[in-house]
Amino acid sequence: MAALTERRAFLIVMDSVGCGGAPDAGSFFNGDLPDAGANTLAHIAQACAEGRAEMGRSGPLRMPVLADLGLGAAVRLASPDHIELADASTDAVKGLWGAATEVSKGKDTPSGHWELAGVPVPWDWHYFPDTVPAFPPELTALVCQMAGTEGILGNCHASGVPIIAEHCEEHLRTGWPIVYTSADSVFQIAAHEESFGLDRLLKLCADLAPHLHAMKVGRVIARPFTGTPGNFKRTANRRDFAIAPPAPTLLDWVQGAGRATHAVGKIGDIFSMRGIGALHKGKSDADLFEHMHRLADQAEDGSLTFANFVEFDSLYGHPRDVSGYARALEWFDAQAGLFLAKLRPGDLVIFTADHGNDPTWPGTDHTRERVPVLVYGAGTGEIGLCAFTDIAASIAQHLGVPSQGPGKSFL
C-alpha cells in the first residue's frame, strides 16, 4: 500500500448532478413549487428510457463507468421510489457508494462546495426579492457611481441569455451595465467585452464584491458577452467573486500540511483562492478534463486535486435541456473511464455533486437534492447516507492530514 505522503486524492464535483431525496426539499422552491420530488439523475434516466431525450443521443441513459462504482445504487439509496439507472447493479459494484445530505441553508454553488470541503455555511444568505426593481436604491446608486454611468439596466430576477437579449441594444447605446439576480444569492453584471470593456467589467465586480459580501450575498458574477443585438454570445471570461469561506477548508488543511493543491475549473473562484496552489482553467468541460488527464500523470505525491465540471448546470440544468444533460452525463462517464485508467496505486477519487438541477422540473433554479458519493480506490461496499462534510474528512484521512471540520471519515 502506498505511504501516506505518496497517496493522492481527486475530488470531482459534477455540478448539479443530484439524486433526489433531500429530507428538507419541501422547504426549497422553484417559483411557488417546492423541490420535494425533484431528482436530477432519476428523471433524466426516466426520460431517456421513455424516448424523451433523443436529441444528439438515443436510448437508455448509459453510464457504465460510474454505474460500476455504484451510481444506480446511490440513486436508489437517496430516493428509493425512483427508477434505476441502466447498467446499474449492486452485484457488479466495484467502488464504495453512498449518498450525501447537505445541512447548509442554500442550494447554491458556494454552500455545496464549502460543505463538501468540510465547512457548512453558518449564516443565512441574503436573497434579493423577485420584484422590479430587485435592488435597493442605495445599491443601484453605488453601481452607477462605480461604473460611471447614469443608470443600470435590468434590476430584476432573470436568466442570463434572455436578459442580455432584452437589453443588448440599449446597453450598447447607453453603456449602462445589465444587472440582475436569481433565486440564488448572487449579484450578476453583464456587459459587452469591447464597448464596455472586459477589464472595466471585472474591476467593477471586484470593487462591488466587498459591499455585497457584507450583505451576505454569496457571489458577484461578471458575465461578459460579445456580438450584436440578435447575434450576441456570452464568452468564457466569466468571473465569480465569491465571499470567503468562514473557516479553513479541506484545501487549507492540505496546503497547511505542506502538500500541493490543484483547482480545476471554478474552484479557485468558489474558495476565493484560499488554499489554492495551482489553478487550471478552461473554456469548456472538455478543456477541464484535459487538465484532469494531465494531472493523473503529473500531480504530486500527497496532493489534492479539486475539480468542478459546471456545464451540467450552466448549459443543461438551468435551460431545462434533458437531452443535453443526458449527452453530457454520457460524455463525462466515458472521460471518467479514461481518467481512472491513468491512476496510480494509492490514488483516491470521489465523484459527487454540490446540489441538484433537475432539467425536468418547472422553473430554472437549482433543486434541493441529496448527491451521489462514488469512491474509487478504497475498496467496495455501501457507505450509506452520509454528510457532505464526511467527504472532506475521508479525503483528509486518506492523505494523512488532520481533519478540522465536523465530518467523519467513511473510509
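Reader: Hi! Before we get to the strands, what does it take for two strands to pair here?

Author: Hello! Two strands pair if DSSP finds at least two bridges between them. One thing to keep in mind as we go is that this is a predicted model.

Reader: Good to know. So which strand does β11 pair with over 4 bridges, and in what sense?

Author: That is β13, residues 304-309, and the two pair in the parallel sense. Within β13, Ala307 is the bridge partner of Val264.

Reader: And what about β12, how many bridges there?

Author: There are 3 bridges between β11 and β12 (residues 278-280), again in the parallel sense. His262 has Ala278 as its bridge partner in β12.

Reader: Are the faces of β11 covered or open?

Author: Both faces are covered. Thr261 and Ala263 sit on one side, His262 and Val264 on the other, and all of them are buried. In a regular strand, side chains alternate between the two faces of the sheet.

Reader: Nice. Changing topic: which residues does UniProt annotate as "binding site"?

Author: The UniProt annotation, from an unreviewed entry, covers Asp15, Asp354 and His355. They span 341 residues in sequence, but no two of their C-alpha atoms are more than 7.1 Å apart, so they gather at one spot.

Reader: Where does Asp15 sit, and is it buried or exposed?

Author: Asp15 is in the loop between β1 (8-14) and β2 (29-30). Its relative accessibility is 0%, so Asp15 counts as buried.

Reader: What does Asp15 touch?

Author: Setting aside residues up to four places away in sequence, Asp15 touches several residues, including Thr109, Lys266, Asn308, Asp313 and Tyr325. Asp354 and His355 are also among them.

Reader: Then where is His355, and which residues is it in contact with?

Author: His355 is found in the loop between β14 (347-352) and β15 (371-376). With a relative accessible area of 1%, His355 is buried. Beyond its neighbours within four places in sequence, His355 is in contact with residues including Asp15, Ser16, Lys107, Asp108, Asp313 and His366.

Reader: How many cavities of 30 Å³ or more are there?

Author: The count comes to 1 cavity of 30 Å³ or more. About 40 Å³ of space lies in the largest cavity.

Reader: What lines the largest cavity?

Author: The lining is Asp108, Pro110, Trp125, Asp184, Ser185, Val186, Gly218 and Arg219. Those residues divide into 3 nonpolar, 2 polar and 3 charged. Asp108 is also one of the contacts of His355.

Reader: On to helices. Which residues of α5 are buried?

Author: In α5 (residues 137-147), Leu139, Thr140, Leu142, Val143, Cys144 and Ala147 are buried. An α-helix has 3.6 residues a turn, so residues three or four places apart point the same way.

Reader: What do those buried residues pack against?

Author: They pack against β5 (153-157), β6 (178-181), β7 (186-192) and α7 (193-214). Just after α5, Gly148 takes a positive phi of about 70 degrees.

Reader: Last one: where is Ser79, and what does it touch?

Author: Ser79 lies in the loop between α3 (71-78) and β4 (96-101). Its relative accessible area is 12%, under the 20% cut-off, so Ser79 is buried. Not counting residues up to four places away in sequence, Ser79 touches Cys19, Gly20, Gly21 and Asn39.

Technical notes. Residues numbered from 1 in each chain as written. Predicted model: local features only at pLDDT ≥ 70, side-chain atom pairs only at ≥ 80, totals over all residues. Heavy atoms only, no water. Buried < 20%, exposed > 50% of the residue type's maximum accessible area, 1.4 Å probe, protein only. 1 Å grid on protein atoms, 1.4 Å probe; cavity = no way out; pocket = protein on both sides within 12 Å on 5 of 7 lines; lining within 4 Å. Points joined across faces, edges and corners; volume = space filled by probe spheres on them. Nonpolar A, V, L, I, M, F, W, Y, C, P; charged D, E, K, R; others polar. UniProt positions renumbered as here; feature names shortened; annotations may be inferred. Contact = heavy atoms within 4.5 Å.
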